[in-house]
Each structure stands twice: as C-alpha cells, then as structure tokens.
Amino acid sequence: MENASELLTKDQQLEMLMHLYLARYFDVRLIKEKKRGRLKGTLYSSHNQEGIIVGSLYGLQGTDWISPIHRDMPMFFLKDAAGGRLRDPNRMGMSIEEVCGQVWGKVTSPGRARDNWSHIGSKRAHIIHSTSMLAGTIPVAAGVVYADKLTGGDSVALTFNGEGSTAQGIFHEAINFAAVHKLPVITVIENNQWAYGTPTDLEYPLEDFARRADGYGIPGLIADGQNVFDVYDKVMWAVEYARAGNGPSIVECKTFRAYGHGDHDDDRAAKYRAKDEVEQGRSRDPIAVAKRLLLEKGIITKAQAEGHMAEGKGASEARDEDFPEEVVAYLKQGVESAVAAPLPEAQEGGMWVFKEGN
Ligand SMILES: Cc1ncc(C[n+]2csc(CCOP(=O)(O)OP(=O)(O)O)c2C)c(N)n1
Ligand SMILES: [Mg+2]
C-alpha cells in the first residue's frame, strides 16, 4: 500500500505545517502567560511532540473518536480542523475559546473550573473524557467503538498514551479484549523516553514498545514522532486497517519530552536528565523537520523555510514574530476570551456530583 502522505495536496501539507505552529504557539503562549502571573495551575508541555498530535489527527473523519492525555492539550482544538475548518463552529472539535476557558478555569470552559487542564471531553465532538488513570481510556474507547459497530457505524477510536502507561494492567486487558473482538481502536504510544522521573529502561527491557502488539496478535507500527508525515502514514495505515474491519493496532511514535513532566518539574528535570541527552532529544524539532521535507519537495521556498523560526526555541526565547500571524491571532482570541470570562458561581461546586432530577 502506498503511503497516505503521497496523496496529500500541497495545500494540505502546508496546513499541517500551520497546525504544528498552532500546537507549538499554544504551549509557548500559555507558559508566557503563566510567567507573567496571568495564569495559575500546572501546564504539561507538548513541545517537541506536535508531530504526533498533528500527524495523528489530520486524516481522521469528524465522527472518529479520540482520547487525549495530559500532553495532548492542543488536540482538543485541532480535532476535525483539517480542510480550513479551524474556525467552523460546527466541526467536531473544541473551539480555542473553550480550551482557553478550561485552562483559565472560567465559566466558558467545558469543565467549568473543576480542573485547568485535560480533564475534559465532549460527546458532541467525539472526544472521550480524559482521566488521571493512565491507560484507563483504552477500555472506554474500545467500548465506544464496539457500541458504534453494533449499531452499524464505521468510526475508529485513537487512544493516546505515554510509554509509561504501557505497564498498567488495564493497558493489556483492554487491548487484548479489542483484539479478540476486532474492535477499531488504535493505541498510539507517545514514547518520549520519560515517565515523570522514570526512564524507559526501568520500564521495558526492549527497544520498541510496538512489540507489545505481538502478544495480542495485532500489528505494531513504529513512527518517527518528529516527522509529522511519517506519523500520518503510520496512523492512516492503522485507521484504514481498522475501518476495513481488521481490528486494533498499536502505533509507537518515538519522540523526546523536551522539558519537565509539567512546568513544576522543569528545574528538577534539568537535574535528573543528562544535558547532552536533552540536547540530542530536542535536536530534531518537528517544525524544522516538516519545513525541510516541504523544501525538498519544492512546496516552500528557502526564504519561507527560513521565516517564522519557532523551531528550537523554548517559551523564553520564542517571540510572536517567530510564528505566522494567523496563528498568533487565533490564540489571542482564545486568551482574550478566557481572561474576560467570569468565574463560575461558587454554588456550582456541588453540581454534577450526583445525578440530578429523576
Ligand atoms: C495509573 C496511574 N499511575 C500513576 C499516575 C501518576 N502519573 C501521572 S503522569 C505520570 C507519568 C506518565 O508518563 P508517560 O505515560 O510516559 O506520559 P508522559 O507524561 O511522558 O507524556 C504518572 C506516573 C497516574 N496518573 N495514573
Ligand atoms: Mg513518557
């Protein structure tokens, strides 16, 4: 089968680059807001892992389901955004206003200030609610697509998991169940080589987490997580395989966690990880890799490749000029709406704990 990325138009490839910038700027902008004292709560950076976010989501249908984890915050607004639909209010994703409302804990947030990060979901947008129990969304996703299959639907579900969660019992139980019943659920493993302070060699004695698939009799693919087009190819292979009724698969995306587990861990992480390991891990920025490939194909010029130099820059170095104007404008809209929105009423605190009404 040819690689799905070979069928992407020039405009689609440029849009994927734009989505990489959007994901990166979301991270940079929020860290800046926090440093300025305008934002509270912990931020879990997706810096350096944007190729996984964009490459996995870009080819999905709106009706497909995703279950993001803490490191995937831009997924909430990038779902079903392909084809220029980022600002379409009817697409099956969340708006930047909703996502920023969540981060600021405002009335506009889907979680209405119960959390500042990824503990949200949307039945309307087909985003399975993220929970703290890592790998706990795999059985939920399996159940969602099982129900869909029984009622004649053809949706697939993508669950996102750090390599750390592959050691959870539920990871095995859920994928085994999905394999036995040939459920269209794809487990994407974001192997960023660290689970909080635990490196992969204390978690798994082999090189590739994709080999977990052998134990369930399903395909296990490996993608270069720094290359958005390689992620797209591997995920689209898995999506087509699942949609055709063949069942689940695992896609391991190799990447590197650029900073601490959350921003509260940045200083500690700089101590528990070797400097050269971190430098090496950050050296293939997904924006730079995508630009190089687009330049080689003649889709962008050398001057364009050298413009908007966000690559390789952390939040303290990156400036607005390093990003396309529309990217900055999109986030500005989200941030301003969140800052202006009121907090929910205090009485709301007890809402949704028990079922209300009959
Ligand atoms: C079942 C479970 N155990 C422990 C935790 C605490 N915890 C939250 S994030 C995290 C590390 C996760 O590492 P990984 O799965 O590799 O994802 P990453 O943060 O690297 O993206 C841990 C141990 C949890 N949330 N759930
Ligand atoms: Mg990890």
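A residue is termed buried if 20 or more other C-beta atoms lie within 10 Å of its own. The legends below describe close-up views of a predicted model.

**View 1. The strands paired with E3.** Strand E2, residues 157-162, pairs with E3 in the parallel sense over six bridges. Within this pairing, Gly162 has Glu190 of E3 as its bridge partner. Strand E7, residues 249-254, also runs parallel to E3 and is joined to it by six bridges. Here Asn191 stands opposite Lys254 of E7.

**View 2. The surroundings of ligand 1.** Ligand 1 is surrounded by 16 residues, of which the closest are Arg71, Leu134, Gly162, Gly164 and Ala195. Sorted by class, this shell holds five nonpolar, seven polar and four charged residues. Gly162, one of the closest residues to the ligand, is also the bridge partner of Glu190 in E3.

**View 3. The buried side of helix H10, residues 286-296.** Pro286, Ile287, Ala290, Lys291 and Leu294 of H10 are buried. These residues lie on the same side of H10, because they cover an arc of only 135 degrees around the axis. An α-helix has 3.6 residues a turn, so residues three or four places apart point the same way. The buried residues of H10 are covered by elements including helix H1 (10-35), helix H2 (50-57), helix H7 (228-243) and helix H11 (302-305). Just after H10, Gly298 adopts a positive phi of about 75 degrees.

**View 4. Pro199 in strand E5, residues 198-199.** Pro199 counts as exposed because it has 12 C-beta neighbours inside 10 Å. Leaving aside residues up to four places away in sequence, Pro199 touches Gln193 and Trp194. The C-alpha atom of Pro199 is separated by 9.2 Å from that of Arg273, which lies 74 residues apart from Pro199 along the chain.

Note on methods. Residues are numbered from 1 along each chain as its sequence is written. Chains are lettered from A and ligands numbered from 1 in the order in which they are written. This is a predicted model: local features need pLDDT of at least 70, side-chain atom pairs count only at pLDDT 80 or more; totals for chains, interfaces and linings use all residues. A residue is near a molecule or strand if its C-beta atom, placed from the backbone, lies within 6 Å of it. Ala, Val, Leu, Ile, Met, Phe, Trp, Tyr, Cys and Pro count as nonpolar, Asp, Glu, Lys and Arg as charged, and the others, Gly among them, as polar. Helices (H or I, at least four residues) and strands (E, at least two) are DSSP runs, numbered from the N terminus. Two residues are in contact if their C-beta atoms, placed from the backbone, lie within 7 Å. The arc is that of the directions from the helix axis to the C-beta atoms. Two strands pair if DSSP finds at least two bridges between them.
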